[in-house]
Amino acid sequence: MEEAQAKRLRQPIVVVLGHVDHGKTTLLDKIRGTAVVRKEPGEMTQEVGASFVPSSVIEKLSEKLKKMLQVKLEIPGLLFIDTPGHEYFSNLRKRGGSIADIAILVVDINEGFQQQTFESIDILKGRKVPFLVAANKIDRIPGWKPFENEPFLETIGKQKKDVQNRLDNQVYDIVTQIAQAGLNADRFDRIKDFTKNVAIIPVSAKTGEGIPDLLALLAGLTQRFMKERLTFAEGPAKGVILEVKEDLGLGHTIDVILYDGILRKNDQIVLGGVNGIITTKIRGIFVPKPLQDMKLSKYDFTSIDEVYAAAGVKISAPGLEDALAGSPIYAVNSESNLKEIENKIEEELKQVRFYNSVE
Ligand code: GDP
């Protein structure tokens, strides 16, 4: 049992980037909505600042894609950061890269690459985050006949030949544009080696077409190629602060994405503050109340005693009013060397301040 647990994989953290109006928000909404509708009773999908898509949902959706997704999923699911765009992405920094394991670059298939698409690729390359391209709005291709929520591999076969050709021409424009950024790419079902090619998945955030393929690929590729990175460590939690807030009844709180380890109530935590390092003790850990699933923007919180990464949680503790968004946060246990962790955060904060001043 212990050995099996030691090898447990955590959920990959997924971010969405791309040009304005290409459909990032709509895509995230569609994925969240799909998770709520298709999850097993009792499964939680809503977290703080993030949404969880359980593997049970991905397996159900990709039933028709068995050929593509032969493996049983070992990851528990996918954790999507709720806020898209590269401004927010810059807060997800960790030493030597990003806490994001993989990104979806959204491109309007009818418009192709725009300025922020190229910028997004540069940022992802800089932080060494692998990505897939969601070629969005396929329902707008002239002559497209929508088949709600179908896998792309099903719906494409039901389109007329000239519509299929139109889609492929648009996909190849994107391939050419990705080549300008120095990368090879192809439509996902034509790729043999996913380590050498960026996969393009045609989708519609409006009709849900292609979403099964997108989720199956995100899960399949992260599980296959990122095992080491996704292996869960049983130690004290590590995370990054997304936002500092004042919540009714809770005082100053921080919204945190945990990317590794376990966080427990009463844990000592170390994080960056406006006036230097803050060392404090957790008063409460909060997640959204389960019954509020359908209300995606407004929620009440419920207190929990512990949480395993990866997860999005709200933390209350004394002294958080000066906490710094974008700062790392580490839990400390009896074996940890507090001074060492404080120095480590100080070092990382220099990077945060540096990037914040240039970005
Ligand atoms: P963002 O700025 O990248 O987050 O883009 P939004 O998600 O706000 O989408 C911009 C506009 O495109 C909105 O009017 C959406 O309804 C629309 N849109 C997004 N995805 C699709 C799609 O797949 N098909 C169609 N027809 N419209 C879409």
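Thanks for coming, everyone. First, the ground rules. Residues are numbered from 1 along each chain as its sequence is written, and side-chain values use heavy atoms, with hydrogens and water left out. Because the model is predicted, local features need pLDDT of at least 70 and side-chain atom pairs count only at pLDDT 80 or more, while totals for chains, interfaces and linings use all residues.

Let's start with strand 7. Helices (H or I, at least four residues) and strands (E, at least two) are DSSP runs, numbered from the N terminus. How many of the six residues of strand 7 are buried? Six of the six are, where buried means under 20% relative accessible area, exposed means over 50%, and partly exposed is in between (1.4 Å probe, protein chains only). In a regular strand the side chains alternate between the two faces of the sheet. Here Phe131, Val133 and Ala135 are buried on one side, and Leu132, Ala134 and Asn136 are buried on the other.

Now its partners. Two strands pair if DSSP finds at least two bridges between them. Strand 7 pairs with strand 6 in the parallel sense, over six bridges, and alanine 103 stands opposite phenylalanine 131 there. Between these two strands the chain passes through helix 5, and this β-α-β crossover is right-handed; that is, with the strands pointing away from the viewer, the path from the first strand over the helix to the second runs clockwise. Strand 7 also pairs with strand 9, again in the parallel sense, over three bridges, and alanine 134 has isoleucine 201 of strand 9 as its bridge partner.

Lysine 137 has a positive phi of about 70° although it is not a glycine, and at 16% relative accessibility it counts as buried.

On to helix 7, residues 161-180. The expected span of a helix is 1.5 Å times one less than its number of residues, so the 20 residues of helix 7 should span 28 Å, and the end C-alpha atoms are 29 Å apart, which agrees. Its buried residues include Val163, Leu167, Val171 and Ile174, along with the polar Gln164, Asp168 and Gln177. What covers them includes strand 6, helix 5, strand 7, helix 6, strand 8 and strand 9. After the helix comes glycine 182, with a positive phi near 85°.

What about the cores? In soluble globular proteins, nonpolar side chains tend to be buried together. A nonpolar core here is a set of buried Ala, Val, Leu, Ile, Met, Phe, Trp, Tyr and Cys residues joined through side-chain atoms within 4.5 Å. The largest has 84 residues, and Leu27, Phe80, Ile104, Leu215 and Leu218 touch the most other members. Helix 8 (residues 211-225) gives the largest share of this core, seven residues. Leaving aside neighbours within four places in sequence, leucine 215 is in contact (heavy atoms within 4.5 Å) with Ile31, Val53, Ile58, Leu61, Leu78 and Phe80. There is also a second, separate core of 24 residues, which includes Val287, Val313, Leu320 and Ala331.

Next, the aromatics. Rings of Phe, Tyr and Trp (its six-membered ring) pair if their centres lie within 6.5 Å; planes under 30 degrees apart count as stacked, over 60 as edge-to-face and the rest as tilted. The whole structure has three such pairs. In one of them, phenylalanine 113 and phenylalanine 118 have ring centres 5.0 Å apart and planes at 65°, so this pair is edge-to-face. Another, phenylalanine 232 with tyrosine 308, has centres 5.7 Å apart and planes at 25°, so it is stacked. This second pair links distant parts of the chain, 76 residues apart. Phenylalanine 232 is buried at 3% relative accessible area, whereas tyrosine 308 is partly exposed at 34%.

Finally, two backbone spots. Most residues other than glycine have a negative phi, and most peptide bonds are trans. The bond from alanine 309 to alanine 310 is cis, with omega near 0°, and alanine 310 sits in the loop between strand 17 and strand 18. Aspartate 21, in the loop between strand 1 and helix 2, has a positive phi near 75°, and at 65% relative accessibility it counts as exposed.

That's my tour; happy to take questions.
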